[in-house]
Amino acid sequence: MFEKLFSPIKIKDMELKNRIILPAMGTKFSGDGSEVTDKLIDYHVARVKGGSGLNIVEVTSVYTPAAPKRFLSLSEDEYIPGMKRLTDAIHAEGGKAGVQLWLGALAVSSDRAAQIIIPSDMPISAEITIPGMPKELIPVVVDAYGKAANRAVQPAWSNHIFIHNPILFNLLNCTRHKAFSPLPISQIN
Ligand SMILES: Cc1cc2nc3c(=O)[nH]c(=O)nc-3n(C[C@H](O)[C@H](O)[C@H](O)COP(=O)(O)O)c2cc1C
């Protein structure tokens, strides 16, 4: 029944040692400055040693004002060396790494300094509505996704980007704004 589970598979240029995938799970093992920590590296290496063929590294912020602490970020170049250390450690054990680019939305509320960016007004009670992002912010956010994707694929890091549901959700919701021109996801996937 599971004869294929432990056999390698090639997905485009990425060859996995098996078909076991660790889904993205925010660990809160990154530092207060969103940096990769030894604890996060040990966590991922342990999963590779345990048999995971592909670790989808947790949600990773693309836009600094919306980046909560204790979550990973690729919103600035300064994060590349730490991410490379993480993926090098995963690769050294024969695993592969994917990154989940993320804008956060309501989930950033664990850090009161992080900006909640949502595509449309969201009433949460009769009195309170969280405002949707202003139209002017849409191209800024789209640009931030593109820049974070570039940081993830540059040869120094050489990894794989996963456009996961939360991102698609954000992007597709953005299309509600007439001013928004959808990001060509296939170009950065
Ligand atoms: C602690 C925790 C953190 C999670 N973080 C993420 C995340 O960063 N990104 C994501 O897409 N899903 C996240 N999830 C959802 C998991 O990926 C999901 O639970 C997993 O794929 C298993 O699917 P299931 O819950 O439908 O069985 C998280 C789940 C848990 C329990």
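A: A residue is called buried if 20 or more other C-beta atoms lie within 10 Å of its own, exposed if 12 or fewer do, and partly exposed in between, with the C-beta atoms placed from the backbone. By that count, 32% of the 189 residues of the chain are buried. The model is a predicted one, in which local features need pLDDT of at least 70 and side-chain atom pairs count only at pLDDT 80 or more, while totals for chains, interfaces and linings use all residues. Residues are numbered from 1 along each chain as its sequence is written.

The chain as a whole has five helices and nine strands, where helices (H or I, at least four residues) and strands (E, at least two) are DSSP runs numbered from the N terminus. Along the sequence these elements follow the pattern β-β-β-α-β-β-α-β-β-β-α-β-α-α. Two residues are in contact if their C-beta atoms, placed from the backbone, lie within 7 Å; of the contacts in the chain with a separation of 6 or more, 67% are between residues 24 or more positions apart.

The strand pairing can be followed through S4 (54–61), of which seven of the eight residues are buried, leaving the strand mostly covered. Strands are said to pair if DSSP finds at least two bridges between them. On one count, S3 and S4 pair in the parallel sense over two bridges, with Leu22 having Asn55 of S4 as its bridge partner. On another, S4 runs parallel to S6 and is joined to it by seven bridges, one of which links Val59 to Gln100 of S6.

Strand S6 itself spans residues 96–102, and seven of its seven residues are buried. Both of its faces are covered: Lys96, Gly98, Gln100 and Trp102 are buried on one side, as are Ala97, Val99 and Leu101 on the other.

Gly51 counts as partly exposed because 13 C-beta neighbours lie inside 10 Å. Leaving aside neighbours within four places in sequence, Gly51 is in contact with Asn18 and Ile20, and its C-alpha atom is separated by 9.9 Å from that of Glu93, which is 42 residues away along the chain.

The axes of H1 and H2 come within 9 Å and cross at roughly 20 degrees, axes being lines fitted to C-alpha atoms (for helices over the stretch in contact) and angles running from 0 to 180 degrees between N-to-C directions. The two helices are therefore roughly parallel to each other, since angles under 35 degrees count as roughly parallel, over 145 as roughly antiparallel, 65 to 115 as roughly perpendicular and the rest as oblique. Leu40, Ile41, His44, Val45 and Val48 of H1 make this contact with Arg85, Leu86, Ala89 and Ile90 of H2. These residues divide into seven nonpolar, one polar and one charged, where Ala, Val, Leu, Ile, Met, Phe, Trp, Tyr, Cys and Pro count as nonpolar, Asp, Glu, Lys and Arg as charged, and the others, Gly among them, as polar.

Helix H2 covers residues 80–92 and includes Lys84, which counts as partly exposed because it has 16 C-beta neighbours inside 10 Å. Although Lys84 and Ala152 are 68 residues apart in sequence, their C-alpha atoms are 9.0 Å apart in space.

Most residues other than glycine have a negative phi. Ser34, in the loop between strand S3 (21–22) and H1, has a positive phi near 65 degrees, and it counts as buried because 23 C-beta neighbours lie inside 10 Å. Ala105 lies in the loop between S6 and strand S7 (122–123) and has a positive phi of about 55 degrees although it is not a glycine; with 19 other C-beta atoms within 10 Å, Ala105 is partly exposed.

Further along, Met133 is placed in the loop between strand S8 (129–130) and helix H3 (137–153), and it is buried because 23 other C-beta atoms lie within 10 Å. Not counting residues up to four places away in sequence, Met133 touches Ile117, Ile118, Pro119 and Ile138.
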